[in-house]
Amino acid sequence: MSTLPEPVRVVQLPDGTYTYADHLPTPIQPTPAPQVIQHIHHAPPDRTVQRIALGSGIGAGTVAAGVYFGPLLVGALTAIAANLALLAFLAAVLVWGVHTVVRSVGGPDGQQAAKAIGKARRSRKGK
């Protein structure tokens, strides 16, 4: 006895569209005596995502590619974002270091240059 469910059949309706056979209305039949199931090992698989994907006209290869490349894309974008954040941090530290060195070592000329840069930066923010 197989524990796997039977595969879902796809049928063509008279109007030309396709649907799953388990979505068709079933004729009313007399209700048989209830079955007693004693050993349930696992629930049947949920096919909701498969039905949505395959029912919308895309193939199984596209579904498999989405399953494989989705997490791969998220990982790549996360790595890129981490690299950009590190580069921005390094740039900020270097600018701060250069500014501090120019201001402290340059004497009056260095202080004047730092003030000019600060004024230029403030005037640019106002625009």
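Select Tyr68 first. Its relative accessible area is 53%, so Tyr68 counts as exposed, the cut-off being over 50%. This is a predicted model.

Phe69 is partly exposed, at 48% relative accessibility. Now show both rings. A search of the whole structure turns up 1 aromatic pair. The ring centres of Tyr68 and Phe69 lie 4.9 Å apart with planes at 85 degrees, so this pair is edge-to-face.

Next, select Leu77. Leu77 sits in helix H2, which covers residues 60-105.

Keep the surface on and select the whole chain. Its accessible surface is about 11500 Å², and carbon and sulfur atoms hold 67% of that. How much of the chain is buried? Of its 127 residues, 6% count as buried.

Switch to cartoon. The chain has 3 helices and 2 strands. Follow them along the sequence: the pattern reads β-β-α-α-α. Then draw the contacts. Among those with a separation of 6 or more, 33% come from residues 24 or more positions apart.

Finally, colour by pLDDT. The chain average is 76, and 66% of the residues score at least 70. Where is confidence lowest, and where highest? Helix H1, residues 48-55, is lowest with a mean of 61, while H2 is highest at 88.

Conventions: Residues numbered from 1 in each chain as written. Predicted model: local features only at pLDDT ≥ 70, side-chain atom pairs only at ≥ 80, totals over all residues. Heavy atoms only, no water. Helix = DSSP H or I, 4+ residues; strand = E, 2+ residues; numbered from the N terminus. Buried < 20%, exposed > 50% of the residue type's maximum accessible area, 1.4 Å probe, protein only. Contact = heavy atoms within 4.5 Å. Areas by Shrake-Rupley, 256 points an atom, 1.4 Å probe, with all protein chains shown as cover. pLDDT = per-residue confidence, 0-100. Phe/Tyr/Trp six-rings, centres within 6.5 Å; stacked < 30°, edge-to-face > 60°.
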